[in-house]
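Please look over the sequence and the structure shown here before reading on.

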Amino acid sequence: MIPRIQKRGQRTIGLLYYLYGPGKFEEHTDPHLVASWDHNAPDPGRDDTATLKQLQQLLDQPVENIDPSQRPKKHVWHLSVRNGSEDRILSDEEWGDVARRMVAAAGVDASQTEAGCRWAAVRHADDHIHIVATLVREDGYSPDLDNDASRVQAQARALEAELGLRRLKKGDGTGAKRPTSAERHKAERQGRERTAREELREAVRRAVSGARSDEEFFDRLAAAGLLIRKRAAPSGDLLGYKVALPDDLNKDGEPVFYPGARLAPDLSLPRIRERWSADAASSPNDDVIRPGPVGPAAARRGTASAVWQTVLVFEHGEDAVAAAHIAAAGEVLDALAKTSAAHTRRELRDAATAFERASRSHVRAVHGHDRALRQAARDLVQGGTALGRGEDGAATAMAIDMLFFLITAAAHWHARKGHAQQAEAATRAAQHLRTAYQAAAAQPVGVLYERGRRLNRQLLQRQTTLLRGALPELAEQILAEPGWYALAATVAEAEAAGHDPATLLSDAAAQRELGTADSVSDVLVWRLRRAADLPADASHLPETNVAATRPARRGTSTRPSASGGRRSSEDTARPSR
């Protein structure tokens, strides 16, 4: 349930005409009262003898009864209360009770022993009501509306529980402004999937990812096709900016511009500058010593390393540093979504969109420690769009796997801080990352699976013994997973490259919890391949990196494997237990 207090107005009759009218897009159906201040107000929607003028005069009567000099300039209070599409449809009686609870919580209507304001609740759709009130009480005094917005939000949380509606999380005032109903209807009319506000927010966030200067930021906005207006001081110093979509026009045919701060609190120019000014302060000569842009695969491997190093230190630093890491993780998600292949693009974009809410809280980020993540985002953008196969695709799976653990850690951090909306947003982002990972990892893990199946029996037996010695508490779970073959192939490659496989396994498992992983073996595959600097894609590696297949002995029976191939009864991934 989402209550929203609209801007105060001056004309009660004007608002009533809108509420009882057809709506801007003919969306209003059967407008009628569900509740009012005295339970007996005239209802022009259901009573043919009642008029809007009568209702307006009754609502405005307390205002008209006081001295004109004492009347508030804007005396019309307007609250809309909307349920989600997944919520059940409430009856008129239930909506009437919602209205009474809301005006009481806001301070519009006091208890039965005190004077209150006059109000009426109009329903013209299944999923929401509008409450109009006039802000002079029956005794001539003004109502106490301090913190009315937070009070109606608290009442909404209580009503959700009582009415069995979706339980929304308590906000903290740091969320981005939601699209208005007019913006949503406009998007529907224009055939847009999202409103102009939401498209611009995503475009600006992507332009911020890894940017290092005003010039680079605005160049990226222009390259994205946005219209830009800059606001400068008399001295010429740049103070702010506005952006618009070229085809989003108002009634006069002019582009509709949105200031950055109206898209999200952290997209104002001063807040954006905090990010790259901290980068410059932490390493002023970085552009001199750093090589040029890397390719998509190298950018993704670099991202995996930067993300993993952040995971290891994330929960041990100060809150301001953790907040900076979370904001930078949002930049990495935006950059990865922007440069991803088609089969992962939608889920990664949804993950970035969900995580946007988690990237801000009242804990103010102190940037500088997040420089590695911001550099990773920059490399992703400069590296360009990745292919969905080969090293690009496999490195994408590796990066997503590491990101999942950082986003999950961010969800836990927010939950400990009591940031309910941010914790939920990070959890939703992690769910999208799971789906994106499955799409990205199917081919590279499948290759490793087949290579593991081709390990000879003696080597596979040794790998099994090694696993049980290195990870005794996880070994049986891993051996039961389909991904065990891929892990066995990776261990063999690491050993062939000169690494100690037991040490690699124990270090990989000890560095971070594995309880949130769908497949422990998959997680260990990517941790080992990153730590041992193995190629993410094994499809082009020579078979000499994996022990050669030993032909089955004559007379040995074969049986179908789980993947549909055939294997020897002796050539199995796990000894029988």
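In what order do the 5 strands of the open sheet stand? The order is β1-β3-β5-β4-β2, and the pairing is antiparallel. The model is predicted: local features need pLDDT of at least 70, side-chain atom pairs count only at pLDDT 80 or more, and totals for chains, interfaces and linings use all residues. Residues are numbered from 1 along each chain as its sequence is written, and side-chain values use heavy atoms, with hydrogens and water left out.

**The sheet**

- Helices (H or I, at least four residues) and strands (E, at least two) are DSSP runs, numbered from the N terminus.
- β1 (2–5) and β2 (32–36) are the edge strands, each with a single partner strand, so one side of each has no neighbour in the sheet; two strands pair if DSSP finds at least two bridges between them.
- From one strand to the next, the twist averages 25°.
- Strands β3 (residues 76–82) and β5 (residues 128–134) run antiparallel and are joined by 7 bridges.
- Arg82 has His128 in β5 as its bridge partner.
- Helix α4 (residues 148–163) packs on the sheet, where it touches β1 and β3, contact meaning heavy atoms within 4.5 Å.
- The direction of α4 makes about 165° with that of β1; axes are lines fitted to C-alpha atoms, for helices over the stretch in contact, and angles run from 0 to 180 degrees between N-to-C directions.

**Helix α17**

- Helix α17 (residues 457–470) has 14 residues and spans 20 Å from its first C-alpha to its last, close to the 20 Å expected at 1.5 Å a residue (1.5 Å times one less than the number of residues).
- Its buried residues are Leu459, Leu460, Gln463, Thr464, Leu466, Leu467 and Ala470; buried means under 20% relative accessible area, exposed over 50%, partly exposed in between (1.4 Å probe, protein chains only).
- Seen down the axis of α17, the buried residues fall within an arc of 165°, so they line one face of the helix; the arc is that of the directions from the helix axis to the C-beta atoms.
- Gln458, Thr465 and Gly469 are exposed on the other side of α17.
- The buried residues of α17 pack against α16 (420–453), α18 (475–479), α19 (484–496) and α20 (501–510).

**Ala508**

- Ala508 is in helix α20 and is buried, with a relative accessible area of 5%.
- Apart from neighbours within four places in sequence, Ala508 is in contact with Leu524, Arg527 and Leu528.
- Ala508 and Leu528 are 20 residues apart along the chain, with 6.7 Å between their C-alpha atoms.
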